[in-house]
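Biologist: I would like to learn how to read a protein model. Could you take me through this one, feature by feature?

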Amino acid sequence: MKNTKLSVAIHTLILISESEKIMSSDDIAKSVNTNSSYIRKIMALLKNGGILTSRQGVSGASLAIPKEKLTLLKIYQTVEQTASVHVLDIHDNPNDACIVGRYITPVLKEVFAEVESEFAQRLKGVTLADCIERIEEKSGYYE
C-alpha cells in the first residue's frame, strides 16, 4: 500500500501558502483529488506538529513556519509522527534453513538504514519554498 501522506501534506501546504483566498478542506481536496475528511486529518497532524496555525471560529489555516525554513523532513516527521525516517520494510519470517534466509534480515537492515539516513538528509535540504519554486519553473503559474 502506498503511503502518500507526505505528498498530500506538501500539496496542502503549498495551496495554503500560495493561495490568495482562504483554502477550505473542500478546496484542497479538489486539488489533491481526495476527500475532504482525509485533508482535515492531514491538516490536524500539521497543526499538532506546529506547522499550521488556525484560530477558533475562523475559517482557514496559515503556515506557522516560514516556507523558506519549513523542510520536507519536518513535514515528514510531523505527518508520520516520528523523529526517524522509516520507508523500507523487510519481509517477515525468512527461512533460517536457507543461507539467504538466515542472513537477509541483518544485511537489509544495514542497507536500509543507510538509505533512510541519506533520504532524511535529502529531505532536510529541501524546503517548501524550494518546491514552490520548482512549480513556478515548470508552470509559470505563480509569477
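Modeller: We will go through helices, the core, an aromatic pair and some loop residues.

Modeller: A word on the ground rules: this is a predicted model, so local features need pLDDT of at least 70, side-chain atom pairs count only at pLDDT 80 or more, and totals for chains, interfaces and linings use all residues. Residues are numbered from 1 along each chain as its sequence is written, and side-chain values use heavy atoms, with hydrogens and water left out.

Biologist: Thanks! How are helices defined here, and what span is expected of one?

Modeller: Helices (H or I, at least four residues) and strands (E, at least two) are DSSP runs, numbered from the N terminus. The expected span of a helix is 1.5 Å times one less than its number of residues. Take helix α3, residues 36-48: it has 13 residues and reaches 18 Å from its first C-alpha to its last, close to the 18 Å expected. After α3 comes Gly50, whose phi is positive, near 80°.

Biologist: Which residues of α3 are buried?

Modeller: First the general idea: an α-helix has 3.6 residues a turn, so residues three or four places apart point the same way. Buried means under 20% relative accessible area, exposed over 50%, and partly exposed in between, with a 1.4 Å probe and protein chains only. In α3 the buried residues are Ser36, Ile39, Ile42, Met43, Leu45 and Leu46. They pack against α1 (5-18), α2 (25-32), β1 (52-53) and α4 (72-80).

Biologist: Why does Ser36 count as buried, and what is Ser36 in contact with?

Modeller: Ser36 counts as buried because its relative accessibility is 16%. Contact means heavy atoms within 4.5 Å. Leaving aside neighbours within four places in sequence, Ser36 is in contact with Ser25, Asp26 and Ala29.

Biologist: What about helix α5: what span should it have, and where does it bend?

Modeller: Helix α5 (residues 99-124) has 26 residues, so at 1.5 Å a residue it should span 38 Å; its end C-alpha atoms are 38 Å apart, which agrees. The bend at a residue is the angle between axes fitted to the seven residues ending there and the seven starting there. In α5 the bend is about 35° at Thr105, and a proline, Pro106, follows within four residues. The buried residues of α5 are Gly101, Phe112, Glu116, Ala120 and Leu123, and they pack against α1 and α4.

Biologist: How do I read the nonpolar core?

Modeller: A nonpolar core is a set of buried Ala, Val, Leu, Ile, Met, Phe, Trp, Tyr and Cys residues joined through side-chain atoms within 4.5 Å. The largest one here has 32 residues, of which Ile10, Leu13, Ile28, Leu46, Ile75 and Leu128 touch the most other members. At least two residues of this core come from each of α1, α2, α3, α4, α5 and α6 (128-139). With eight residues, α1 gives the most.

Biologist: What does Leu128 touch?

Modeller: Not counting residues up to four places away in sequence, Leu128 touches Ile10, Leu13, Ile14, Leu63, Lys67, Leu70 and Ile75.

Biologist: And how is a pair of aromatic rings described?

Modeller: By the distance of the centres and the angle of the planes. Rings of Phe, Tyr and Trp (its six-membered ring) pair if their centres lie within 6.5 Å; planes under 30 degrees apart count as stacked, over 60 as edge-to-face and the rest as tilted. By this rule there is one aromatic pair. Tyr76 and Phe119 form it, edge-to-face, at 6.4 Å centre to centre with 90° between the planes. The pair links distant parts of the chain, with Tyr76 in helix α4 and Phe119 in helix α5, 43 residues apart. Tyr76 counts as buried at 5% relative accessibility, whereas Phe119 is partly exposed at 31%.

Biologist: Which loop residues have a positive phi without being a glycine?

Modeller: Asn33 is one of them, with a phi of about 70°; Asn93 has a positive phi of about 55° and is not a glycine either. Asn33 lies in the loop between α2 and α3 and counts as exposed because its relative accessibility is 70%. Asn93 is found in the loop between α4 and α5, and at 75% relative accessibility Asn93 counts as exposed.

Biologist: Is Glu20 buried or exposed?

Modeller: Glu20, in the loop between α1 and α2, is exposed, with a relative accessible area of 86%.
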